[in-house]
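Here's a quick briefing to read with the structure open beside you.

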Amino acid sequence: MTNHWVDIKNADLILIMGGNAAEAHPCGFKWVTEAKAHRGAKLIVVDPRFTRSASVADVYAPLRAGTDIAFLGGVINYLLANDRINHEYVKNYTDFTFMVKDDFGFDDGLFTGYDAEKRSYAKTSWGYQIGPDGYVVTDPTLANPRCVYRMLKAHYARYTPEMVATICGTPKEDFLKICGMIAEAAAPDKAMTVMYALGWTQHSQGSQMIRTAAMVQLLLGNIGVAGGGMNALRGHSNIQGLTDLGLLSNLLPGYMTLPGDGEQDYQAYLGTRALKPLRPGQLSYWQNYGKFFVSTMKAWFGDAATAENNWCYHWLPKLDKGYDILQVFENMHQGTVNGYICQGFNPLASAPCKVKVAGALARLKYLVVIDPLATETSEFWQNHGEYNDVDPTAIQTEVFRLPSTCFAEEDGSLVNSGRWLQWHWKAADPPAEAKSDQAIMAGIFLTIRELYRKNGGAFPEPILNLTWKHRQPEEPSPEELAREFSGTALKDQTDPKDPAKVLLKAGQQLNGFAELKDDGSTACGCWIFSGCWSEKGNLMARRDNADPYGIGQTLNWAFAWPANRRILYNRASCTPDGKPFDPKRPLIAWNGAAGAWTGSDIPDYSAVSPPANGMGPFIMNPEGVARFFALDKMAEGPFPEHYEPFESPLAANPLHPNNGKARANPAARVFKGDWASFGSAEEFPQVCTTYRLTEHFHFWTKHAILDAILQPEQFVELGEDLARKKGIRAGDSVRVRSKRGFIVAVAVVTKRIRTLEIAGRKVHTVGVPIHWGFMGMAKNGYITNTLTPFVGDANTQTPEFKSFLVAIEKV
Amino acid sequence: MALQSLDIKRRSATTTPVPGARATLEVVKLIDVSKCIGCKACQVACMEWNDLRDAIGENRGVYDNPADLSDQSWTVMRFAEVEPAPGRLEWLIRKDGCMHCADPGCLKSCPAPGAIVQYSNGIVDFHQEACVGCGYCVIGCPFNIPRLSPKDGKAYKCTLCSDRVAVGLEPACAKICPTGAILFGSKEDMLHHAAGRVVDLKERGYGQAGVYNPPGVDGTHVMYVLHHADRPELYQGLPKDPGISPLVALWKEIAKTLMNIGLGAAVVGGIVHYLTQGPNEVTEEEEETS
Amino acid sequence: MHINRRQFFKVCAATVSGSSLATLGFSPANALAEVREFKLTRATETRNTCPYCSVGCGLLIYSLGDNSKNAPAEIIHIEGDPDHPVNRGTLCPKGAGLLDFVHSPNRLNYPEYRAPGSKEWQRITWNEAFSRIAALMKEDRDAHFIAQNDKGQTVNRWISTGFLAASASSNETGYLTQKIARSLGMLAFDNQARV
């Protein structure tokens with residue numbers, strides 16, 4: 001979230017799309033009801049299903065699963081065509097005036113540089129025009145057809161209300177009503193918030209769906225303001241934290257990135273990340289990359305990390321490609337992966353195409369499952385009848401199942417969607433012999449380390465030199481680890497203006513990332529968390545919920561990264577001369593007397609840079625402004641374009657009926673063997689989408705009796721038209737088939753799933769909740785991901801769980 | 001005699017007066033159906049707090065689970081997909097459970113002395129120690145709420161968390177409700193809040209929004225805010241004009257007669273046994289007449 | 001008044017038992033009228049955070065006993081933390097049912113091992129688990145570690161063993177896991193952000 005949960009109460013309009021907050025995040029959704037109660041806010045829900053969120057919405061509109069870019073592109077077209085945008089905001093805080101390279105182009109669904117063979121783009125033309133001074137060329141008159149504004153307008157002019165209706169199936173009058181409501185939020189004193197979740201991310205074009213919505217928010221001037229923002233409602237309690245800490249194939253903590261094979265030179269590695277400003281007077285905060293990197297390496301490798309060895313740069317693994325979960329299961333399926341460790345993660349249930357995942361696991365030499373619960377993954381080798389019909393004797397994988405603690409049995413911190421690091425306390429001992437995750441990781445690692453110490457082996461240096469300053473080495477304490485990622489001075493830190501003045505002594509906790517150095521004198525395991533445990537103590541454990549401004553800015557509750565800042569880009573809540581766009585909900589403002597930005601939040605800005613200096617509010621971008629034109633950052637193009645899901649009821653993309661290459665995302669990765677596993681609309685005519693129910697959490701709560709009572713048995717949902725056509729009544733047992741397998745479940749026949757008119761034909765949607773499996777207290781069921789396709793978003797490789805094809809029949 | 005933690009206003013099958021000198025705050029639980037998302041957190045909170053676990057049932061083609069109230073489920077969500085106007089779908093979700101009537105039909109019909117009490121704060125509570133399991137409260141209730149336990153034959157229903165209220169806490173369901181669709185407080189505050197909600201709903205196009213606080217039972221201590229107060233039946237059969245069943249009046253007449261005749265303990269014991277062990281379910285037909 | 005036969009019988013039966021019981025000496029004055037005792041009066045309260053979605057709701061965990069040496073804490077009730085700015089005491093149905101996650105019959109109690117081709121688990125000790133897992137990992141790493149790629153570039157990666165990190169483990173666990181995975185040269189490393 002750019003903003004945070006409580007801030008939603010400041011919204012005048014709430015768009016829930018690509019998510020179902022009432023169902024998946026009920027306690028956060030409370031702030032929608034507060035906005036409605038206290039600001040008279042309106043709620044719009046756009047979803048293939050009339051969800052629990054829709055049940056309390058002011059306006060609901062259906063759309064076909066996977067067509068959100070078409071819908072949102074239509075909104076952009078409406079806002080630009082009717083000139084309902086925040087002019088002062090877009091002109092000053094976005095790249096509207098920036099000139100795009102002359103060789104960049106877009107032709108019938110493909111951008112310049114496409115290589116059909118590799119399914120990827122050469123992105124050299126996807127850039128701004130750079131002048132002789134090294135800065136981007138701009139056109140403040142916005143008249144040049146190559147400026148971003150003009151190019152944006154031209155790109156989305158094709159997304160007419162008629163085209164939206166054709167692609168999405170959303171009735172034109174519903175769409176226009178919603179456009180009119182959204183346009184109201186362009187007023188400087190009105191804010192719309194966008195709440196989304198896996199309903200956007202789990203598509204082959206999910207990242208671009210989110211980008212399209214962010215572009216709508218920029219046009220309205222709603223990024224960085226109270227009650228606005230792009231608010232990703234993360235699915236798990238600490239998936240934000242684990243992402244922040246870089247537990248992804250290509251990441252280091254704090255969104256630093258691992259080097260690729262070609263980056264053999266440390267300085268060159270830094271050079272492509274510590275970017276120089278692209279416009280005069282810009283902060284370009286990533287210029288400090290070296291400080292973050294060196295401090296991380298000092299935290300990990302201590303004295304072994306020196307200037308001479310480039311802070312152990314070559315000790316880090318280098319990427320020849322990304323090894324996301326889909327790539328790894330593909331490799332496992334090919335037989336090139338021998339071992340796998342699942343820490344609190346149940347991929348047999350969570351990953352797409354169960355038959356492929358199960359087959360891949362069976363090719364492993366060893367599998368280690370660390371979990372508080374008996375998961376399906378841990379028993380992938382066991383025969384569970386129709387739900388997991390395997391022959392254990394044919395599976396040669398050694399499997400370990402290690403019992404871990406749950407939340408109630410440990411201390412530690414979690415990061416919520418609002419980027420709050422919140423500390424929690426242990427209430428009881430774990431059952432029997434269960435151990436904490438730290439103890440389990442330490443047990444495995446220290447045993448390996450001892451083997452390397454005794455016997456040597458491949459490249460043992462990083463293993464032998466990994467810092468391990470724990471008073472109980474076999475059980476590193478949460479306090480010690482939190483202090484380590486927050487950051488410590490390794491040498492006395494002196495005042496740059498007065499070297500005799502010691503600000504921090506060696507061994508003391510740092511106050512924040514502004515104190516990080518690239519000379520090896522500071523250690524910090526995760527720069528964006530820096531300051532969460534300072535000399536003032538554990539700020540994550542703070543419990544003062546005072547809200548002095550009445551807009552939900554509880555700055556003394558826990559700790560928010562970065563720097564305890566609650567709303568990102570908050571400089572953009574003010575006009576260029578430093579006054580709040582909406583004086584009633586000020587976040588910060590330029591305080592001339594104090595010579596600083598002050599207010600209800602920590603400025604996301606240079607705190608003492610006066611408005612006259614012209615520094616842009618998007619300080620992480622070298623141009624200082626937000627980008628409509630994404631440069632080379634996205635896989636499939638600088639402007640989002642609608643493509644069909646890989647399995648679609650349509651033979652062609654209605655925007656590009658004659659270009660087969662532009663039917664589905666041209667830059668999405670598809671493994672060779674998986675093309676054959678996509679079904680056709682002839683064989684599988686119904687659109688299918690999978691989702692959570694409010695009664696359950698993923699594959700856990702089926703183990704909890706109280707939640708098993710609420711939704712005891714697997715079901716699927718279908719509309720009345722389809723049910724009639726197929727002779728299915730509520731309560732009947734039905735089989736849902738995709739090209740990859742089938743499930744059998746109880747039918748819920750509902751008015752809440754409408755038949756849509758798509759490109760002149762009727763399209764039905766089948767909804768499949770995800771929560772069942774063959775372990776747990778609820779009735780056993782099929783794993784929903786038996787049905788889902790093994791293809792992901794072109795940028796993140798998030799699987800396309802939200803739109804694919806099935807056939808349904810009565811059993 | 002145990003100390004009373006809440007003052008008693010009325011007791012079942014009792015004519016002796018109750019202590020009445022103290023004046024206590026009258027409480028109300030307000031269920032704003034227009035804010036309810038049907039998440040069932042209240043069902044879980046109710047079971048968890050009251051140490052109940054209903055059976056893990058089955059899906060019958062609807063979202064309602066458990067399918068009905070029981071001795072283990074003192075509240076359930078009832079889902080209705082309705083189109084009050086053509087093409088305008090509404091998913092009306094009502095939390096069903098004891099209404100804590102000001103004039104409680106269950107208490108009036110209960111033959112077991114002290115098995116049902118009404119506290120002066122408005123809570124109507126069942127005391128299973130005194131319950132004989134006759135099931136008459138089931139018939140006496142205009143809302144079809146109490147259920148006999150197959151385990152001990154006694155009647156159970158929502159207590160409005162009288163144990164929590166007695167120590168100054170809100171009921172578990174009201175505390176847990178993520179959207180604030182369940183509020184708990186003084187009757188005065190709740191009526192004031194409800195009036196504000198009705199204004200808001202009317203502004204949002206629900207011209208017939210209103211508060212459900214039926215006069216036929218002298219009002220209730222659980223009230224609803226409804227978008228369609230003129231059509232409570234849309235909410236899975238919420239009765240439009242509930243009143244105490246005429247059977248209760250009849251019972252009183254018979255009771256007098258039988259009391260005069262006098263019956264032996266053996267006969268009574270036999271009947272009590274039958275009643276506690278035998279099935280005692282309300283048929284659809286009976287529901288319609290009640 | 002519409003009364004059918006069955007109802008009439010029921011009414012009579014109930015009447016008999018009720019009125020007779022009164023005459024048999026269950027005098028109302030002795031009927032218990034006390035509410036159920038409040039069950040948390042001296043339970044120990046601990047602050048925690050819900051482990052499910054990312055709202056990060058504050059919890060109050062109540063455990064039996066006062067943390068005396070001789071009374072190991074047993075969690076008996078969980079409800080929302082009213083001080084928490086986001087949830088303000090509320091919880092969703094998942095959070096409301098956390099007690100049954102903590103006490104799920106499917107909680108794992110001991111390290112277990114399943115041998116190749118076996119149909120069952122066998123209980124092992126932690127030492128056995130750590131030793132065998134470490135040996136398997138080292139053997140695989142030593143055999144498949146890639147110090148240099150085909151072009152002779154230093155890459156120092158190990159991609160034949162993968163790691164999936166959790167979605168609900170703490171930052172402290174996540175940080176430790178990140179350190180360990182990278183020190184081993186792991187790249188086949190992902191978390192549950194995508195699914």
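This is a predicted model: local features need pLDDT of at least 70, side-chain atom pairs count only at pLDDT 80 or more; totals for chains, interfaces and linings use all residues.

Which residues in helix 19 of chain A meet helix 5 of chain C? On the chain A side they are A:Pro478, A:Leu481, A:Ala482 and A:Phe485, and across from them sit C:Asn171, C:Glu172, C:Tyr175 and C:Leu176.

- For the complex, the predictor reports an ipTM of 0.98 and a pTM of 0.95.
- Chain C has an average pLDDT of 88, with 83% of its residues scoring at least 70.
- Residues 1–29 of chain C are another story: pLDDT stays under 50 there, and the model has 67 contacts beyond four places in sequence for this stretch.

- As for handedness, helix 19 of chain A passes helix 5 of chain C in a left-handed crossing.

- Helix 14 (residues 325–334) and helix 16 (residues 354–361) of chain A pack with their axes 8 Å apart, at an angle of about 60°.
- That angle makes helix 14 of chain A oblique to helix 16 of chain A.
- Their crossing is left-handed.
- Helix 14 of chain A brings A:Phe329, A:Met332 and A:His333 to the contact, while helix 16 of chain A brings A:Lys356, A:Val357, A:Gly359 and A:Ala360.
- By class, the residues of this contact are four nonpolar, two polar and one charged.

**Inside chain A: domain 1 against domain 2**

- Chain A is split into domain 1 (21–116 + 129–232) and domain 2 (660–810).
- The C-alpha centres of domain 1 and domain 2 of chain A are 27 Å apart.
- In chain A, 26 residues of domain 1 are in contact with 33 residues of domain 2.
- On the domain 1 side of chain A, the elements giving two or more residues are helix 1 (21–24), helix 9 (198–201) and helix 10 (206–219).
- That side of domain 1 of chain A has nine nonpolar, twelve polar and five charged residues.

Methods: Residues are numbered from 1 along each chain as its sequence is written. Chains are lettered from A and ligands numbered from 1 in the order in which they are written. A crossing is left-handed if the near helix is turned anticlockwise from the far one by less than a right angle, and right-handed if clockwise. Helices (H or I, at least four residues) and strands (E, at least two) are DSSP runs, numbered from the N terminus. Two residues are in contact if their C-beta atoms, placed from the backbone, lie within 7 Å. Domain bounds come from an automatic or database domain assignment. Ala, Val, Leu, Ile, Met, Phe, Trp, Tyr, Cys and Pro count as nonpolar, Asp, Glu, Lys and Arg as charged, and the others, Gly among them, as polar. Axes are lines fitted to C-alpha atoms, for helices over the stretch in contact, and angles run from 0 to 180 degrees between N-to-C directions. Angles under 35 degrees count as roughly parallel, over 145 as roughly antiparallel, 65 to 115 as roughly perpendicular and the rest as oblique. pLDDT is the predictor's confidence in each residue, from 0 to 100.
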